[in-house]
Amino acid sequence: MSIVVTGATGALGRLVVEELLKQVPAERVAVVVRSEEKAADLAARGVEVRVADYDLPETLAGAFRSGDRVLLISGNEVGRRVPQHLAVIAAAQTAGVAQLAYTGILGGPEADFDLAAEHKVTEQAILDSGLPHTFLRNGWYHENYTGHLGSVLEHGAVVGSAGAGRIASAARADYAAAAAAVLTGEGHLNRVYELSGDSAWSLAEYAAEVAAQTGREVAYSEVPAEAHLSILTGAGVPEGFAAILVDVDAAISRGRLAHTGGDLSRLIGRPTTPVARAIASALA
């Protein structure tokens, strides 16, 4: 039996693998990747590399073995994820895996924004498959914001259309630690975890924290949704994805990403990373 991580060369996947290697021998860990070359460093550490492509279902036939514990990290190509995920689920079902954990989105069926649609379909498909499962409904990542600090400092503004809505984000590494916990621990089968940070903050508070840490003038600039869309597309964000981001801000304004239920900190056995620390790390 192996613990198998799909999408293991992505940002979240690599962090999950690193967490696993702290807890179990490398020979117990396998990764499913599109590019063997990108996983060469993992292979050198004793991790088994299984090459497969979400878009080529036939390549998934050897990706999983009976008794494996599998983490399906959701694909990053919005609009193409349902057939990709269905192919992985079918391969896992055929192999007879012991656990299929899935990284969905905070709120699950109750999430009423566009980005959640493919996650909801995937969760239902996993339920229909009858596989023992664990739903890891990830909230927003700090990195969704700290990854753009250069632009924020250049313009002296955090631009959005989320109003006073609050965001209970956490570090990507926190979510990775939670995934490793359910893959290595017991008592997680057929469970749902709503994962989010211990505290929530508004974009105005985020801007104020950036200003405090940098000594620069930074403020939150609230704009109408239409203007927000234009700003994003003008910055080079593809229109379809820009529309999704604007829709997420609308969801934030409705409180959809403000949940602070504590599942994440309980799974990882420590408080979640504060956003202030994430800003400091990004600025370092």
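**Labels and their cut-offs**

Tutor: Let's start here: helix 3 and helix 4 are roughly parallel to each other. Keep in mind that this is a predicted model, where local features need pLDDT of at least 70, side-chain atom pairs count only at pLDDT 80 or more, and totals for chains, interfaces and linings use all residues. Residues are numbered from 1 along each chain as its sequence is written, and side-chain values use heavy atoms, with hydrogens and water left out.

Student: Why are helix 3 and helix 4 called roughly parallel?

Tutor: Helix 3 (residues 81–95) packs against helix 4 (residues 117–129) at about 20°, with the axes 10 Å apart. Angles under 35 degrees count as roughly parallel, over 145 as roughly antiparallel, 65 to 115 as roughly perpendicular and the rest as oblique. Helix 3 and helix 4 therefore get the roughly parallel label.

Student: Which residues of helix 3 and helix 4 meet?

Tutor: Helix 3 brings Arg81, Val82, His85, Leu86, Ile89 and Gln93, and helix 4 brings Glu118, His119, Val121, Thr122, Ala125, Ile126 and Ser129. Contact means heavy atoms within 4.5 Å. By class, that contact has 6 nonpolar, 5 polar and 2 charged residues.

Student: How do you know whether Val248 is buried or exposed?

Tutor: Buried means under 20% relative accessible area, exposed over 50%, and partly exposed in between (1.4 Å probe, protein chains only). Val248 has 2% relative accessibility, so Val248 counts as buried. Val248 sits in helix 10 (residues 239–253) and touches Phe113, Leu115, Trp140 and Leu257, leaving aside residues up to four places away in sequence.

Student: How much of the protein chain counts as buried?

Tutor: Of its 284 residues, 50%.

Student: And what radius of gyration would a compact globule with 284 residues have?

Tutor: The globule rule is 2.2 Å times the number of residues to the power 0.38, with the radius taken over C-alpha atoms. For 284 residues that gives a value near 19 Å, and the protein chain has 19 Å, so the two agree. The C-alpha trace spans about 55 × 35 × 35 Å along its principal axes.

Methods
Helix = DSSP H or I, 4+ residues; strand = E, 2+ residues; numbered from the N terminus. Axes fitted to C-alpha atoms, helices over the stretch in contact; angles between N-to-C directions. Nonpolar A, V, L, I, M, F, W, Y, C, P; charged D, E, K, R; others polar.
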